[in-house]
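Colleague: Take me through this model, please. I want the cut-off behind each label.

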Amino acid sequence: MLVNIIPYESKHASDFKQLNVAWLERYFYVEPKDELLLSDCENSILGIGGYIFMAEFEEVIVGCFSFIPFGKNSYELGKMAVNPAYQGLKIGQQLLTFAIDFAQKSNWETIILYSSTKLPTALHIYRKYGFKDLILEKDLPYARSDVKMELNLVDG
């Protein structure tokens with residue numbers, strides 16, 4: 001399945017929000033930080049030097065992810081979602097591969113992500129792509145997060 005991964009444009013705002021809200025409501029709930037990032041992604045993500053990419057299949061937006069600055073030369077990978085009707089087609093893995101390639105071409109040092117033990121398939125895929133578990137800090141960005149991972153792009 002060939003998916004085009006394209007940079008976010010303003011016309012994608014509702015798709016970005018809807019994909020993420022659907023995912024969050026399926027597994028967790030929408031937290032205040034989610035609402036901030038999803039309701040005004042152009043300021044809360046792009047406006048602070050972040051990136052958003054959309055997955056398009058047959059002219060339909062089917063997935064997305066974002067990179068949010070996380071310290072010096074490091075970004076948090078987040079807001080990755082795939083439309084439930086298209087899950088199981090490895091679109092998430094295509095998004096992850098694209099994200100890692102983008103980070104490497106941008107000469108970033110690390111990619112950080114937060115996840116949950118309630119998502120064993122996602123954790124398996126992250127580890128398969130080289131992400132390593134880190135110790136969680138005390139003030140977590142999301143209540144659902146009980147896993148923090150990092151992909152080192154310098155030594156890898």
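Colleague: Which residues of helix H1 are buried?

Modeller: Phe16, Leu19, Asn20, Val21, Trp23 and Leu24. Buried means under 20% relative accessible area, exposed means over 50%, and partly exposed lies in between (1.4 Å probe, protein chains only). This is a predicted model, where local features need pLDDT of at least 70 and side-chain atom pairs count only at pLDDT 80 or more, while totals for chains, interfaces and linings use all residues. Residues are numbered from 1 along each chain as its sequence is written, and side-chain values use heavy atoms, leaving out hydrogens and water.

Colleague: What covers the buried residues of H1?

Modeller: The cover includes helix H2 (32-39), helix H3 (41-44), E2, E3 and E4. Helices (H or I, at least four residues) and strands (E, at least two) are DSSP runs, numbered from the N terminus.

Colleague: How many residues has H1, and what span is expected of it?

Modeller: H1 (residues 13-27) has 15 residues. Its first and last C-alpha atoms are 22 Å apart, close to the expected 21 Å. The expected span is 1.5 Å times one less than the number of residues.

Colleague: What makes the count of disulfides 0?

Modeller: A disulfide is a pair of cysteine sulfur atoms within 2.5 Å. By that rule, there are 0 disulfides. Cys41 is in none, and the nearest cysteine sulfur, that of Cys64, is 9.3 Å away. From the side of Cys64, the closest cysteine sulfur is the one in Cys41, and 9.3 Å is too far for a bond.

Colleague: Are those two cysteines buried or exposed?

Modeller: Cys41 has a relative accessible area of 3%. Cys64 has 0%. Each value is under 20%, so Cys41 and Cys64 both count as buried.

Colleague: What makes a set of residues a nonpolar core?

Modeller: The members are buried Ala, Val, Leu, Ile, Met, Phe, Trp, Tyr and Cys residues, joined through side-chain atoms within 4.5 Å. The largest such core has 30 residues. Phe67, Leu77, Ile111 and Phe131 have the most contacts inside it. H4 (91-105) is among the elements that supply at least two residues each. The largest share, 7 residues, comes from H4. Apart from this core lies another, of 19 residues, among them Phe16, Leu19, Met54 and Ile61. In soluble globular proteins, nonpolar side chains tend to be buried together.

Colleague: Which residues does Ile111 contact, beyond four places in sequence?

Modeller: Contact means heavy atoms within 4.5 Å. The list for Ile111 includes Phe67, Tyr75, Leu77, Ala99, Phe131 and Met149.

Colleague: How do you know which strands stand at the edges of the sheet?

Modeller: Start with the order, E1-E2-E3-E4-E5-E7-E6, an open sheet of 7 strands with mixed pairing. E1 (4-7) and E6 (132-134) each have a single partner strand, so one side of each is left without a neighbour in the sheet. Two strands pair if DSSP finds at least two bridges between them. E1 and E2 are joined by 4 bridges and run antiparallel. H1 packs on the sheet, touching E2, E3 and E4, and its direction makes about 90° with that of E3. Such angles run from 0 to 180 degrees between N-to-C directions, with axes fitted to C-alpha atoms, for helices over the stretch in contact.

Colleague: In what sense does E4 pair with E3, and with E5?

Modeller: E3 and E4 are antiparallel, over 6 bridges. There, Cys64 stands opposite Ala81 in E4. Between E3 and E4 is a hairpin turn of 4 residues, in which Gly71 has a positive phi of about 80°. E4 and E5 are parallel, over 3 bridges. Tyr75 has Ile111 in E5 as its bridge partner.

Colleague: How many residues of E4 are buried?

Modeller: 9 of its 9, making E4 mostly covered.

Colleague: What does Glu150 touch, beyond four places in sequence?

Modeller: Thr110, Ile111, Ile112, Gly130, Phe131, Lys132 and Leu134. Glu150 and Phe131 are 19 residues apart in sequence, yet 5.1 Å apart in space, C-alpha to C-alpha.
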